Amino acid sequence: MSATPAASSSIQAALSYCVRQVRSYDYHHYLCLLHLPPAMRKAAFTFRAFNVETAKAMDVVSDPKTGLMRLLWWKDVVDKVFANKLVEHPVAQALSSVVSEHKVSKHWLKRSVEARINDANRDEGAIPETSAELERYAEDTQSTILYMTLQAGGIQSTVADHAASHIGKASGLLLLLKALPHHVNKQGVIPYIPANIAEECGLLIREGGRSEVRMDERLPDAVFKVASVAEAHLHKARELASSVPREAIPVLLPALPAQVLLDSLRRCEFNVFDSRVSRGVHGVSPLWYQLKLNWYSWRNKY
């Protein structure tokens, strides 16, 4: 039984909202999604829009408790969507439509929002103890989007899933580094440098059972070490390229913006406070970024 014209119009409006959100808040990935086959774009834009909503939940409020309540609301939305209950929010409506049309794992959506809830529940100024902890957060918030997009596209490939895991981890780590100035301005502390790396660089301060990262000229050394972990993940993902099914390649195109951001950080000697990092798209002109994206897509690379 086909949807009524009113229902179809409502779903189309919800999807348009998702596309606008991704274009406004996640432009580098917006351009990647345009290279997906048309049949996969609805799901991909919806998953990215869900990520935008949960990612900015803590940023659009002055009180962290309000942001946490918003994240808990999104966790409840996932349950309602999979229980076929109506939620009056365009991203939730688009998600309901995607879930009804494709086999999508509820587990990945829950894991994504729960990772952000756990991050929001950390003591203010707390930092992860190890790089592995930060990598897990990156996978939970970024790789899961790629896993779901592969699922929605009907692409069943362990190799593609492994590549998606590495690309998501690399992307997540590098985006956290790029966002450090924002968090420093908002919280007055450096949140996403792991304690083990901070200690290696002589930046770790332990006081009263709390760990903090000292802000001095050695910070780029710590950024370099985290970026090197991301680079290793990109390298592992590309080592798998020859075994990845051809239809999965466009889904893995987000490896390119991760590489562009890594290269921009390197040009700025891993100084995340260098304004060049935030210019254009990850530090390069939008035209150059699009040309590079087109070139990779045309050559079926990621």
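**View 1. The largest cavity, at about 50 Å³**. This is a predicted model, where local features need pLDDT of at least 70, side-chain atom pairs count only at pLDDT 80 or more, and totals for chains, interfaces and linings use all residues. Residues are numbered from 1 along each chain as its sequence is written, and side-chain values use heavy atoms, with hydrogens and water left out. A cavity here is a set of points on a 1 Å grid over the protein atoms alone where a 1.4 Å probe fits but cannot get out. Points are joined across faces, edges and corners, and the volume is the space filled by probe spheres set on them. Three cavities reach 30 Å³ or more by this rule.

**View 2. Who lines the largest cavity**. Lining residues (an atom within 4 Å of a point) are C32, L33, L36, R48, I145, L146, T149, P250, V251 and P254. Helices are DSSP runs of H or I, at least four residues, numbered from the N terminus. Domain 1 (1-121) and domain 2 (123-301) both give residues to this lining, so the cavity sits between them; the bounds come from an automatic or database domain assignment.

**View 3. The second largest cavity, with about 40 Å³ of space**. Its lining is made of H28, H29, S171, L175, P254, P257, A258, L261 and H282. Two or more of these come from each of α2, α8 (158-178) and α12 (255-267), and α12 has the largest share, three residues.

Key. On a 1 Å grid over the protein atoms alone, a cavity is a set of points where a 1.4 Å probe fits but cannot get out, and a pocket is an open set with protein on both sides within 12 Å along at least five of seven lines; lining residues have an atom within 4 Å of a point.
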